[in-house]
Amino acid sequence: MITLAIIAVTVLVSWQAFGNPRLLERLILWPPAISGAKQYDRLITHGFIHADWQHLLFNMITLFFFGRFAEELITQMIGPVGFALFYLSAIVVAIMPTYLRHKGDRNYRSLGASGAVSAVLFAFILVKPWSLIFVFFLPVPAILYGVFFVGYSFWMDRSGGGRTNHSAHLAGAIYGVLFVLMLNPAIGSHLVRALLSPSFG
């Protein structure tokens with residue numbers, strides 16, 4: 001239910017912002033507004049707006065398929081409110097490296113839920129590493145996708161390629177793994193055993 005609620009709110013806010021430039025500018029991550037005007041809410045609100053429908057749909061479809069599992073996992077450990085806090089904190093943690101890097105850059109802006117969605121996705125990968133993820137309709141083991149995702153995000157972040165915030169993807173992925181391991185360190189041992197005994201499905 002929390003996952004569906006997050007999707008509903010994100011779609012609604014993004015949709016409203018598509019046709020309202022003033023709303024978009026108020027919610028987007030613009031570092032000088034945070035460091036100068038103390039608009040700290042932007043560290044969260046940027047995660048509820050998107051550049052266009054394609055950007056929004058990709059993030060929300062990913063959240064729909066993997067968020068329900070992550071929600072059940074985290075809810076079992078700290079309750080449904082805990083999952084909501086995990087998602088919101090992932091938005092903040094994932095964007096912090098970007099914010100600190102561009103703290104004084106008046107020309108920089110960032111938006112989208114990708115960092116938090118990456119945290120959700122990697123919480124799933126941590127527990128079900130050999131599950132098949134369909135990438136462009138091709139089944140790929142989750143752990144292999146995760147390794148490629150991290151490597152690609154790191155390389156693209158270092159090379160500064162494209163308009164995608166690869167730093168947020170990478171930070172979100174790391175946070176998703178560390179958050180779950182902090183709640184239940186035994187999942188680390190589970191991951192090792194699973195990797196040594198591949199079971200696709």
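Tutor: Below we talk about helices, salt bridges and the surface.

Student: What should I know before we start?
Tutor: This is a predicted model, where local features need pLDDT of at least 70, side-chain atom pairs count only at pLDDT 80 or more, and totals for chains, interfaces and linings use all residues. Residues are numbered from 1 along each chain as its sequence is written, and side-chain values use heavy atoms, with hydrogens and water left out.

Student: OK, which residues of α1 are buried?
Tutor: They are T3, I6, I7, T10, S14 and A17; buried means under 20% relative accessible area, exposed over 50%, and partly exposed in between (1.4 Å probe, protein chains only). Seen down the axis of α1, these residues fall within an arc of 105°, so they line one face of the helix. The arc is that of the directions from the helix axis to the C-beta atoms. Helices are DSSP runs (H or I, at least four residues; strands are E, at least two), numbered from the N terminus.

Student: Why would residues a few places apart point the same way?
Tutor: An α-helix has 3.6 residues a turn, so residues three or four places apart do that.

Student: And what about α8, which residues are buried there?
Tutor: In α8 the buried ones are A142, I143, Y145, G146, F149, S153, M156 and D157. They cover an arc of only 165° around the axis, which puts them on the same side of α8. On the other side, V147, F148, W155 and R158 are exposed.

Student: How far apart are the ends of α8?
Tutor: The end C-alpha atoms of α8 (residues 142–159) are 25 Å apart, which agrees with the 26 Å that its 18 residues should span at 1.5 Å a residue. The expected span is 1.5 Å times one less than the number of residues.

Student: Switching topic: how many salt bridges are there?
Tutor: The structure holds 3 salt bridges, each being a side-chain nitrogen of Lys or Arg within 4 Å of a carboxyl oxygen of Asp or Glu. R101 forms one with D157, with the closest N and O atoms 3.1 Å apart. R101 lies in helix α6 and D157 in helix α8, so the pair ties together parts that are 56 residues apart in sequence.

Student: Which residue does E25 meet in a salt bridge?
Tutor: E25 meets R109, at 3.2 Å from N to O. E25 lies in helix α2 (residues 21–27) and R109 in the loop between α6 and α7 (114–127), so this pair ties together parts that are 84 residues apart in sequence.

Student: Is E25 buried or partly exposed?
Tutor: E25 is partly exposed, with a relative accessible area of 37%. R109 is partly exposed, at 35%.

Student: Got it. Which residue pairs with D41?
Tutor: D41 and R26 meet in a salt bridge at 3.1 Å, N to O. D41 lies in the loop between α3 and α4 and R26 in helix α2, so the pair ties together parts that are 15 residues apart in sequence.

Student: What does UniProt place at residues 73–96?
Tutor: An unreviewed UniProt entry places a "transmembrane region" there, and also at 108–127, 133–155 and 167–187. UniProt positions are in the numbering used here, feature names are shortened, and annotations may be inferred rather than shown by experiment. Over residues 73–96 the chain is 96% helix and 0% strand.
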